[in-house]
Structures are given as C-alpha cells and as structure tokens.
Amino acid sequence: MKRIIIIGAGPAGLAAAYELCRTKDSKLSISLFETDDQVGGISKTLQYKGYRFDLGGHRFYTKIQEIDQFYKSFLGKNLLKRKRLSRIYYEKKFYDYPLTFMNALTNLGFLRSVEIVLSWFYRQLNRYKMEKTFDKWISNRFGDKLFHLFFKSYTEKVWGISTSKLSSDWAAQRIQNFNLFRAVLGAILSLDTSDVKTIIRTFFYPKYGPGMLYEELQRYVEKKGVNVYMNHKVTGLKRTKNKVTHVLVKDIKKGIVTHIKADAIISTMPFNELISLLHPPEKLTTQVKSLRFRNFITVNLLLKKNPFPDQWVYVHEPDVKVGRIQNFRNWSPYMVKKGGGLTPVGMEYFCSEGDKMWKTTDAALISLAKEELARIGLAKEEDIREGFVYRVKNAYPIYNFDYDGTLKLSKKYASNFKNLFLCGRGGLFRYNNQDHSILTGFFAARSVFSTDRKHDVWSINENSEFLEEKL
Ligand SMILES: Cc1cc2nc3c(=O)[nH]c(=O)nc-3n(C[C@H](O)[C@H](O)[C@H](O)COP(=O)(O)OP(=O)(O)OC[C@H]3O[C@@H](n4cnc5c(N)ncnc54)[C@H](O)[C@@H]3O)c2cc1C
C-alpha cells in the first residue's frame with residue numbers, strides 16, 4: 001500500500017486528489033488534510049444567512065484546454081456566462097475599466113492627458129537601463145506620469161511596500177507586452193485582437209460561486225476513497241536526508257497531534273512554512289523568513305436593494321483604505337438568498353499579519369467599510385443592514401525585489417526530498433489563478449508515479465490576461 005498525503009484542500013490539493021483517483025491504483029491510500037472547516041482555499045465561497053460571498057470575486061478563465069474541460073465536466077450548465085461591468089474609482093471619479101478613450105479623457109482632462117503622453121515619450125527616449133523594480137518597469141512602458149497617477153497608490157495598497165521595493169517580476173508576469181501605446185490604441189479603437197476581448201465583455205462564473213466547484217470536487221474524491229480531514233493542520237515533518245518519512249497532523253478541535261507515515265507528500269501549504277518544517281540549514285532558515293505573504297480581510301455586508309451596477313470596483317483612491325469592492329448579486333443572481341431582497345457586497349482590505357488593520361476589531365472594520373462605501377458614493381449608510389468579517393492569511397506571495405534568489409535556494413533544498421511534491425499558489429510561492437493551481441496539482445500527482453520527475457510544476461506559466469485587460 002502506498003500512502004499519499006496531500007496538504008491543503010484548495011484548488012491545487014483537490015486537483016491532485018482528483019488526478020490520483022484517476023490512476024485507478026487500488027494500492028493507494030490517499031489522505032488530505034485541511035486546516036479550515038471548508039474546502040476551496042482562497043477560492044471558497046462563504047455563506048451568511050443564505051447569501052453567498054467570495055473572498056474577492058473569482059472569474060473562471062483559462063487558456064489551458066485540459067482545465068477548460070475540467071471546469072465544464074464539473075460545472076456543466078452551472079457555469080454561467082456573465083456580461084461584465086467593472087470600474088476604477090480614483091480622485092472621486094469612476095473610470096471605465098478597461099479604459100475607454102472618451103471616459104478617460106473626460107475624467108483626466110485634456111491637459112493631464114497630454115502630460116501623460118509627453119511623459120511616455122520622454123521615458124521612451126530615456127529608458128531606465130535597469131528595470132528590476134516595479135516602478136521602473138512600469139515607467140518604461142507607461143511613462144512616469146501614468147505610473148504616479150494610476151499604478152503607484154493601488155499597487156502600494158495591495159502590497160504594503162513601496163513600488164521601488166517590489167520586484168518587476170510581478171508586473172512582467174501579468175502585463176507582458178502591454179504598454180501605453182497599445183492601451184491608448186485599444187481605448188480609441190476598441191481593438192479586437194486575440195481572445196482578450198472575450199474576457200473584457202463577458203466572463204464565466206459558477207451559479208453559486210467558485211466554492212461550488214470545490215465542494216463538488218470534495219464529494220467526488222471522497223466517493224473515490226480519499227480521506228478528507230477538515231480542521232486538521234500539518235504542523236511538522238520528519239525526514240531523513242532525502243525523504244520525508246512522517247507528517248505530523250494536529251486535529252484542531254481536539255488538540256491532538258498524530259504522526260502519520262508517508263510514502264509521498266503533495267504540499268500546497270505556504271512554501272516558506274513548508275521549508276521551515278523541513279529543518280533546513282541555519283542560513284536558509286533565516287533567509288526563508290524573507291519570503292512573505294500579504295493577507296487580506298473581506299468585510300461582507302448586506303445592503304438594501306442593488307446599490308450599484310458593477311460586479312467589482314477597483315479603488316485606487318488613496319483617501320480610503322478599501323482596495324476593491326464586489327457586488328455578488330451582479331456576479332450571479334444565485335448568490336442572493338432565494339426570495340431575499342438584500343445584496344451581498346464584499347469590501348477588500350489588504351494588510352499584513354499583526355499590522356493595525358489586521359488587529360482592528362470586527363465591529364470597527366464593519367463601521368469603516370460602511371463609512372467608506374457611503375463616502376465613495378456607492379451606497380447610503382442607512383441602506384447597509386449588517387455584516388461579518390473574514391480574515392484571509394497568505395493570500396498574496398510578495399515579490400520583494402530580491403525574493404528570487406531565496407526562492408531558488410529554497411527550491412533547490414526542497415528538491416532533495418524525492419517524495420515531496422509541491423504545487424499551488426502558496427506551495428510554489430507564485431501569484432497565480434485557479435487554472436494554474438489546478439494544473440500544478442495534476443502535475444504533482446503525476447510526478448508521484450514518474451521515475452524521472454518529468455512533470456515540472458515550476459515550468460508552468462500563469463495566465464497573463466487578467467491584468468493585461470485591466471490596463
Ligand atoms: C482576492 C483574490 C481574487 C482572485 N481572483 C481570481 C479570479 O478571478 N480567477 C482565478 O482563477 N483566480 C483568482 N484568484 C486566485 C485563486 O484564489 C488561487 O489561484 C487559488 O485559490 C489557489 O489555490 P491553491 O490550492 O493553490 O491555494 P489556496 O487556495 O491558498 O489553498 C491552500 C489550502 O491549504 C490549506 N493549508 C495551508 N496550510 C496548511 C497546513 N499546514 N495544513 C493543512 N492545510 C493547510 C489552506 O487552509 C487552504 O485551504 C484570486 C485570488 C485572490 C486572493
């Protein structure tokens with residue numbers, strides 16, 4: 001009997017379990033441990049008084065045929081095609097998103113628009129030679145003026161560090177060959193190139209939110225014999241020089257820790273935490289602490305009527321703390337309680353563990369969200385009924401300007417353990433989407449049986465479209 005342990009029941013962990021079930025090897029014993037009491041990881045859907053909320057709206061989009069098939073096979077007709085509306089709020093004005101020429105020109109004013117174009121020309125003639133940091137990378141492509149107007153405040157809100165300390169990898173991964181010239185041309189001509197247009201106008205979304213897919217997947221793998229343990233956290237690993245032999249699992253409710261023998265481990269837990277559990281040499285123990293994640297908080301509110309038409313609004317405005325606002329009724333009408341007249345709205349606040357925002361009480365956060373929603377003008381305070389707060393740890397791997405070196409060293413160290421397979425967003429320390437996590441889960445599962453480890457999860461690229469179209 002081969003004992004396989006999967007850490008985490010997010011998209012990657014469940015995908016790995018699904019793929020292992022497909023091998024039809026009766027000599028497999030598969031156990032999946034999840035800290036939380038609900039599957040789906042960051043892609044879960046919460047329920048409150050019959051209303052549903054995502055942890056930030058999750059669009060379903062993929063260029064990978066295998067994942068497209070996978071989505072369709074589990075969701076079928078429940079994968080709704082939605083016409084989309086989203087805007088950017090900045091300097092007390094709403095910008096169409098993606099930008100449209102007249103709207104941007106009206107909001108920015110003629111003079112400022114000219115300044116943006118001139119600043120771009122200037123930067124084309126005087127490009128930064130070294131563009132390892134976010135600010136320089138963006139300025140080279142969009143000019144300094146646009147960088148300061150549109151990119152700086154929002155990016156610093158999301159990451160909590162200066163754009164001069166953020167690696168350009170994040171921008172390069174998500175934006176690729178886009179620049180001001182293409183953005184302006186696109187805004188004027190509504191350019192119809194590639195499949196970007198499709199996701200600009202419409203997107204796919206499960207009837208009851210993304211959590212629906214993962215709850216289905218949980219049922220599927222359990223039926224196939226996978227033991228899914230909720231409220232169980234992996235707290236330790238026992239290893240020899242090149243193998244992990246045991247996994248220490250804590251039953252959170254009972255407080256009991258069990259040592260479980262393992263032949264193979266598939267891990268989606270945060271990469272930095274996993275490396276620490278492997279007891280690396282002292283120097284790496286210190287270095288790996290610099291690989292950090294950004295957390296976020298969603299303040300979820302129930303509002304009278306349907307207060308605004310967008311699915312989501314990006315809040316670039318530095319005067320308010322909220323980063324993004326979601327209206328889940330507009331994502332899918334089934335996110336609303338049957339017969340219910342209220343609208344579920346999610347306000348996203350980016351923060352780090354232990355900082356002021358993270359430590360703010362739920363009641364104070366709800367007051368803040370109500371006040372900011374009203375200040376932005378998307379709802380009246382008296383129309384906001386009630387709400388709850390949800391804290392999300394390890395949501396965004398932070399690409400510090402020097403993260404890459406530490407990541408490489410840690411990857412090399414982890415690769416010494418021949419029966420340890422990493423996948424997923426936190427598992428690979430990669431800013432990604434669900435499709436990437438699912439595919440890496442498939443690859444990790446296939447690697448368990450591969451003698452030459454040819455399914456290299458690190459080589460799988462993320463989609464670039466989501467941010468590209470934002471611009
Ligand atoms: C705000 C926001 C919006 C997003 N929007 C989109 C979108 O529109 N479309 C899209 O495709 N993607 C989107 N994503 C990305 C998507 O959420 C992730 O790609 C996906 O959830 C990653 O799946 P995962 O399984 O790799 O990791 P996770 O979802 O992080 O799951 C990891 C799981 O492991 C568990 N775990 C961690 N440590 C342990 C431990 N020690 N023991 C046991 N269990 C453990 C966690 O509790 C968690 O359930 C968005 C992400 C965010 C933050």
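Colleague: Which residues point one way from S15, and which point the other way?

Modeller: This is a predicted model, in which local features need pLDDT of at least 70, side-chain atom pairs count only at pLDDT 80 or more, and totals for chains, interfaces and linings use all residues. Residues are numbered from 1 along each chain as its sequence is written. In a regular strand the side chains alternate between the two faces of the sheet. In S15, Trp-312 and Tyr-314 point one way, and the other way point Val-313 and Val-315.

Colleague: In which sense do S6 and S15 pair, and over how many bridges?

Modeller: Strands, like helices, are DSSP runs numbered from the N terminus (helices H or I, at least four residues; strands E, at least two), and two strands pair if DSSP finds at least two bridges between them. Arg-87 has Val-313 in S15 as its bridge partner, and Tyr-89 has Val-315. S6 (residues 86-90) and S15 (residues 312-315) pair in the parallel sense, over 4 bridges.

Colleague: Which residue of S16 stands opposite Val-313?

Modeller: S15 is also joined to strand S16 (residues 324-327), and these two run antiparallel with 3 bridges. Within this pairing, the residue opposite Val-313 is Ile-325.

Colleague: How many residues lie between S6 and S7 in their hairpin?

Modeller: S7 (residues 93-97) runs antiparallel to S6, and 5 bridges join them. Tyr-89 stands opposite Phe-94 of S7. In the turn, Glu-91 has a positive phi of about 50 degrees, and Lys-92, in the loop between S6 and S7, has a positive phi near 65 degrees. The number of residues between the two strands is 2.

Colleague: Is Lys-92 buried or exposed?

Modeller: A residue is buried if 20 or more other C-beta atoms lie within 10 Å of its own, exposed if 12 or fewer, and partly exposed in between, with C-beta atoms placed from the backbone. Lys-92 has 11 C-beta neighbours inside 10 Å, and therefore it counts as exposed.

Colleague: How many of the 5 residues of S6 are buried, and why is Tyr-90 partly exposed?

Modeller: Tyr-90 belongs to S6 and touches Tyr-95, His-316 and Glu-317, leaving out residues up to four places away in sequence; contact requires C-beta atoms, placed from the backbone, within 7 Å. S6 is mostly covered, the number of its buried residues being 4 of 5. Tyr-90 is partly exposed because the number of other C-beta atoms within 10 Å is 19.

Colleague: Which residues touch the most other members of the largest nonpolar core?

Modeller: A nonpolar core is a set of buried Ala, Val, Leu, Ile, Met, Phe, Trp, Tyr and Cys residues joined through C-beta atoms within 7 Å. The largest one has 63 residues, and strand S14 (residues 293-304) gives the largest share, 7 residues. A second, separate core of 57 residues includes Val-244, Leu-422, Phe-443 and Ala-444. In the largest core, the residues that touch the most other members are Leu-301, Ile-325, Met-347 and Tyr-349.

Colleague: Which residues are closest to the ligand?

Modeller: The ligand is surrounded by 30 residues, each with its C-beta atom, placed from the backbone, within 6 Å. Helix H1 (11-21), strand S10 (232-239), helix H17 (425-428) and helix H18 (434-449) are the elements that give two or more residues to this shell. The closest residues are Gly-8, Gly-10, Gly-41, Gly-56 and Gly-424.

Colleague: How many residues of the shell around the ligand are nonpolar, polar and charged?

Modeller: Ala, Val, Leu, Ile, Met, Phe, Trp, Tyr, Cys and Pro count as nonpolar, Asp, Glu, Lys and Arg as charged, and the others, Gly among them, as polar. On this basis the shell divides into 9 nonpolar, 15 polar and 6 charged.

Colleague: Why does Arg-425 count as buried?

Modeller: Arg-425 is found in helix H17. Not counting residues up to four places away in sequence, Arg-425 touches Arg-430, Asn-432 and Ser-437. Arg-425 counts as buried because its C-beta neighbours inside 10 Å number 30.

Colleague: How far apart do the C-alpha centres of domain 1 and domain 2 lie?

Modeller: The bounds come from an automatic or database domain assignment. Domain 1 comprises 2-37 + 210-291 + 400-465, and domain 2 comprises 101-189. The separation of their C-alpha centres is 37 Å.

Technical notes:
Two residues are in contact if their C-beta atoms, placed from the backbone, lie within 7 Å.
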